[in-house]
Amino acid sequence: MDEEVLVRQLTGACEEQLELLRETLRVHETLFGPLGVEQASESETLLRLRKVYCHTGVVTSWAVDWLAIHAMAPDIRAALAQLKTLTRDGVCVELHEPGDRDCTVTRCFSRWDGLLAPFSHPTTVVLSSSSDSGGLRRDDVRCLRLLYLSLHGLLGCYASVLQMEALRLGRPLEDRLADSVWRAPSDVLETAGRYLADRDRS
């Protein structure tokens, strides 16, 4: 596939994730009120969700291009750090049998953190390296693919935690958001993976 076409498709996929994240922020506001509304008493869960809301709001304020991962990564990483605890202590408890310690969901957080860490702590060495390692050597396909995967992980975890809290409140979320969250544009990701593999071999 032509690189220019692939970059356009990956950009579109990232923009779709950002729009779903904006919709998720609106769901958050519907459930718990605007961020500026002071709550009389907030649980640890709601305080963590407020942090996720703040970081996600910053993420959705950026435009998508090959440098966007450098701007978004610190906030995606910070939001995921809050969601890791909420997922481990909430979603996974609801999904798994008591005593089941083999949860693949929480292992994803370590993988995402490892991918995003170089972008969050730039050094001279890091910035001079390749783009998939946090550097500034331009590589649109690799950067946009990583951005998509990071946004998709944030969206899925955020929406899952909100869904759990909505169910606890007796106010389940719309099926449309829940159904669209984990639907990945697999064709674009697979094409990008093959493209990068072929290019790395040549």
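Select Ala-71 to begin: this residue is partly exposed, with a relative accessible area of 23%. The structure on screen is a predicted model. Ala-71 belongs to helix H3, which covers residues 68-95.

Next, turn to the aromatic rings. How many aromatic pairs does a search of the whole structure find? The search returns one. To view this pair, select Phe-109 and Trp-112, whose rings have their centres 5.3 Å apart. The angle between the ring planes is 85°, and the arrangement is edge-to-face, because planes over 60 degrees apart are placed in that class. Colour helix H4, residues 104-120, to see both partners in their helical context. Phe-109 and Trp-112 are three residues apart in this helix, so about one helical turn separates them. With a surface displayed, examine the accessibility of the pair: both Phe-109 and Trp-112 are buried.

Select Cys-54, which is partly exposed and has a relative accessible area of 37%. Then move to Cys-108, which takes part in no disulfide. Which cysteine sulfur is nearest to that of Cys-108? It is the sulfur of Cys-157, at 7.4 Å. A disulfide requires two cysteine sulfur atoms within 2.5 Å, and by this rule the count of disulfides is zero. Cys-108 is itself partly exposed, with a relative accessible area of 33%.

Note on methods: Residues numbered from 1 in each chain as written. Predicted model: local features only at pLDDT ≥ 70, side-chain atom pairs only at ≥ 80, totals over all residues. Heavy atoms only, no water. Buried < 20%, exposed > 50% of the residue type's maximum accessible area, 1.4 Å probe, protein only. Helix = DSSP H or I, 4+ residues; strand = E, 2+ residues; numbered from the N terminus. Phe/Tyr/Trp six-rings, centres within 6.5 Å; stacked < 30°, edge-to-face > 60°.
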